[in-house]
Each structure stands twice: as structure tokens, then as C-alpha cells.
Amino acid sequence: TQALQVEPKHVVLEIGTGSGYQAAILAVLARRVHTIERHRALFNEANARFESLKLRNITTHLGDGSRGWAHAAPYDRIM
């Protein structure tokens with residue numbers, strides 16, 4: 001995360017949401033975070049977590065992130 005040098009104006013793409021921990025950290029640092037998860041159970045858990053934490057600048061996508069997420073490009077950082 002530190003190596004990304006995320007700034008408050010940045011839009012970040014995260015491949016692999018998992019528990020949502022990394023996306024939550026990025027949401028504090030960046031303007032917008034797009035995160036992709038292929039496993040529905042993890043996707044649902046992360047969405048619930050973001051809602052409970054009131055993290056409104058995270059957009060989650062269910063799917064294969066191996067090709068990125070062109071719908072919201074360009075990104076300032078990709079993790």
C-alpha cells in the first residue's frame with residue numbers, strides 16, 4: 001500500500017477484494033476504490049463490511065479481475 005503512494009485525488013483498482021481489508025485502507029487514502037472479487041461469498045461479506053463501516057467510496061464488482069475493469073478506467077493506481 002505504501003509503495004502505491006496513493007493520493008486523495010486518486011482512483012484505485014484493486015484485484016481480489018477478499019475480506020475487504022485492503023479496499024477499506026485504500027478508501028481512506030483515495031477518492032474512489034473499485035474492487036473486483038470472483039467469489040460471491042467473499043463479495044457479499046465485503047459489501048456488508050463496507051456498508052457497516054460506512055465506506056461510501058468503494059464500488060465492488062463481482063467477476064474475474066484478470067483483465068481489469070475497463071468500465072471505470074482510467075485508474076491512477078492498480079493493486
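Author: Happy to, and let's start with one side chain: Lys 9 is exposed, with a relative accessibility of 56% (exposed is over 50% relative accessible area, buried under 20%, partly exposed in between, using a 1.4 Å probe and protein chains only). Keep in mind that this is a predicted model, in which local features need pLDDT of at least 70 and side-chain atom pairs count only at pLDDT 80 or more, while totals for chains, interfaces and linings use all residues. Residues are numbered from 1 along each chain as its sequence is written, and side-chain values use heavy atoms, with hydrogens and water left out.

Lys 9 has a partner in Glu 7: their side chains form a salt bridge at 3.8 Å, N to O (the rule is a side-chain nitrogen of Lys or Arg within 4 Å of a carboxyl oxygen of Asp or Glu). Glu 7 is partly exposed, at 36% relative accessible area. Three salt bridges are counted by this rule.

Another of them joins Arg 38 to Asp 64, with the closest N and O atoms 2.9 Å apart. Arg 38 sits in the loop between β2 and α2, and Asp 64 in the loop between β3 and β4 (77-78), so this pair ties together parts that are 26 residues apart in sequence. Helices (H or I, at least four residues) and strands (E, at least two) are DSSP runs numbered from the N terminus. Arg 38 is exposed, at 52% relative accessible area, whereas Asp 64 is partly exposed, at 45%.

Now for the strands around that pair. The four strands make an open sheet, ordered β3-β2-β1-β4, with parallel pairing (strands pair when DSSP finds at least two bridges between them). Its edge strands, β3 and β4, each pair on one side only.

Strand β2 (residues 32-37) has five of its six residues buried, so the rest of the structure largely encloses this strand. Strand β1 (residues 11-15) runs parallel to β2, and five bridges join the two. In these bridges, Val 11 is partnered by Arg 32 of β2. Between β1 and β2 the chain passes through helix α1 (residues 21-29), and this β-α-β crossover is right-handed (with the strands pointing away from the viewer, the path from the first strand over the helix to the second runs clockwise).

The chain goes from β2 to β3 by way of helix α2 (residues 40-52), in another β-α-β crossover that is right-handed.

Which residues of α2 are buried? They are Phe 43, Ala 46 and Phe 50. Looking down the axis of α2, these buried residues fall within an arc of 70°, so they line one face of the helix (the arc is taken from the directions from the helix axis to the C-beta atoms). Arg 40 and Ser 52 are exposed on the other side of α2.

After α2 comes Lys 54, with a positive phi near 60°. That brings us to one more charged pair, Glu 51 and Arg 56, whose side chains meet in a salt bridge at 3.2 Å, N to O. Arg 56 is exposed, with a relative accessible area of 51%.
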